[in-house]
Amino acid sequence: MSIVIALIIFSVLVIFHEFGHFIVAKKNGIVVNEFSLGMGPRLISWGKGETKYSIKILPFGGSCAMLGEDQDTVVEGSFNSKSVWARMAVVFAGPFFNFILAWVLALIVIGFEGIDLAYVDDLDTQGILYEKGLRDGDKLIKVDGKSAVIARELFRNDYLSPLDGSEIELVYKRDGKKHTIKYVPPGEKKYLLGMSYAGTEDPAEVVVMRESSLAKAGAVSGDTIVSVNGTKINSGADLNKYFQENTLDGSAVKLTVLRNKKEIELEVEPKVTTLYNYGFKYTAKRIKQSPIGVVRYSFNEVKYDADTVLKSLKLLVTGKVNKDEMSGPVGIVGAIGDTYESAKKEGIMLTIMTMLNMAIMLSANLGVMNLLPIPALDGGRLLFFIIEALRGKPIDREKEGMIHFVGFVLLMIFMVFLIFNDVGKLF
């Protein structure tokens with residue numbers, strides 16, 4: 001069932017993306033030869049007017065094949081017969097429609113569940129923030145120059161950009177008025193293994209920080225901790241409880257991790273470091289919104305997902321993410337399946353909302369990825385159109401086609417790598 005749901009989500013995202021290309025091409029008088037879902041040989045096809053509609057055997061991807069799109073053909077109704085601005089609109093429409101889909105789905109989720117806003121909670125009345133005027137219940141807006149409207153933004157920023165002890169600025173709202181304070185965040189020396197995990201009842205699968213003690217001991221992201229110093233660990237909650245009751249003090253920690261169905265023994269020397277914190281705790285409260293609030297926060301939701309993709313890409317480019325932390329189609333299907341299996345225990349409504357949240361994230365992801373200026377992607381084609389608009393004439397079609405072909409081959413190689421990487425994690 002989870003695979004079926006994953007295929008449905010992928011299909012909707014692709015159809016919407018290709019429909020963006022399709023509808024704008026039609027509006028600009030471009031002949032669409034074929035509109036298809038999937039790749040490979042056709043399973044079903046039918047014609048209507050000048051366009052053939054197809055469903056193909058591989059349930060990934062899709063296409064909107066326009067007359068003369070990849071040829072040096074300039075005839076009536078061909079892609080290249082239109083102005084550079086019309087061609088840019090057609091190409092941009094695909095990713096843009098993914099953002100539209102993400103926003104529409106966010107409207108549904110936020111309309112039903114509300115949005116997770118971040119509120120100050122359990123503030124130390126003897127601390128500097130209390131002296132500066134911060135109070136429990138204040139709604140956070142910005143922390144350290146980064147948006148914290150959605151509580152997940154604060155968690156993500158804390159994970160991707162840990163505080164270093166420098167002065168930060170905090171913007172919050174109380175009774176409809178914004179307030180700003182500046183302060184130096186407090187720090188505390190702690191011994192760390194260098195990992196993160198979800199403190200839930202699910203297995204204690206960890207994300208291992210690069211160059212951490214745990215990484216040096218041989219652990220990789222995706223390992224599941226099943227025992228610590230001889231104590232059995234069944235879940236993230238168990239692991240959380242263990243470390244609450246047994247504070248790290250620099251002594252070596254013996255871990256047993258499960259990787260590819262095999263148990264591996266590791267010995268880790270905790271590393272002492274200074275951890276800086278915001279100086280306050282915060283609570284993520286799902287607050288239902290007025291119709292205007294639903295519309296507004298739906299934009300915030302899409303912005304959050306798109307921004308997360310860009311920040312993740314930055315980590316990938318700078319080498320701060322290893323291959324064990326990357327996922328391709330197989331990994332995404334697996335993640336959707338795991339999320340579905342976990343959510344369905346809580347009832348059909350939560351399951352639907354959870355799957356819609358996954359679709360929002362994936363649709364925004366698809367929109368961002370397709371706008372990257374990489375040959376063969378929509379963003380790469382847009383880059384060529386921008387150059388054409390600036391220089392007043394197109395780049396040689398043959399050279400452009402070769403660049404896109406090379407880009408396509410490299411993308412296929414990367415896709416194969418991701419698939420093998422995903423499959424490797426299963427064994």
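How many bridges join β4 to strand β6, and in which sense do the two strands run? The legends below treat this pairing first and then turn to other close-up views of the structure, which is a predicted model.

**View A. Strand β4 and its pairing with β6.** Four bridges join β4 to β6 (residues 168-174), and the two strands run antiparallel. Within this pairing, Val-143 has Leu-170 of β6 as its bridge partner. Strand β4 itself spans residues 139-143 and is mostly covered, with four of its five residues buried; a residue is counted as buried when its relative accessible area is under 20%.

**View B. The hairpin of β4 and β5.** Strand β5 comprises residues 146-147 and pairs with β4 over two bridges in the antiparallel sense. Lys-142 is placed opposite Ser-147 of β5. Two residues lie between the strands of this hairpin, and Asp-144 adopts a positive phi near 55°.

**View C. A patch of positive charge on the surface.** The patch is formed by Lys-142, Lys-178, Arg-296 and Lys-303. Arg-296 belongs to helix α7, which covers residues 291-317. With a relative accessible area of 44%, Arg-296 is classed as partly exposed, because this class lies between the limits of 20% and 50%.

**View D. The open sheet of four strands.** The strands are arranged in the order β12-β11-β13-β14, with antiparallel pairing. Arg-259 stands opposite Lys-262, a residue of β14.

**View E. A nonpolar patch on the surface.** Eight side chains are shown here: Met-402, Phe-405, Val-406, Phe-408, Val-409, Leu-410, Met-412 and Ile-413, which together have about 740 Å² of accessible area. Leu-410, one of the residues of the patch, is located in helix α11 (residues 397-426). The relative accessibility of Leu-410 is 54%, and Leu-410 therefore counts as exposed, the limit for that class being over 50%.

Terms used
Residues are numbered from 1 along each chain as its sequence is written. This is a predicted model: local features need pLDDT of at least 70, side-chain atom pairs count only at pLDDT 80 or more; totals for chains, interfaces and linings use all residues. Side-chain values use heavy atoms; hydrogens and water are left out. Patches are made of residues with over 30% relative accessible area and no salt bridge: like charges are joined within 9 Å, nonpolar side chains (Val, Leu, Ile, Met, Phe, Trp, Tyr) within 5 Å. Accessible areas come from the Shrake-Rupley method with a 1.4 Å probe; for residues, only the protein chains shown count as cover. A salt bridge is a side-chain nitrogen of Lys or Arg within 4 Å of a carboxyl oxygen of Asp or Glu. Buried means under 20% relative accessible area, exposed over 50%, partly exposed in between (1.4 Å probe, protein chains only). Lys and Arg count as positive and Asp and Glu as negative; His and the chain ends are not counted. The place of a charge is taken as NZ of Lys, CZ of Arg, CG of Asp or CD of Glu. Two strands pair if DSSP finds at least two bridges between them.
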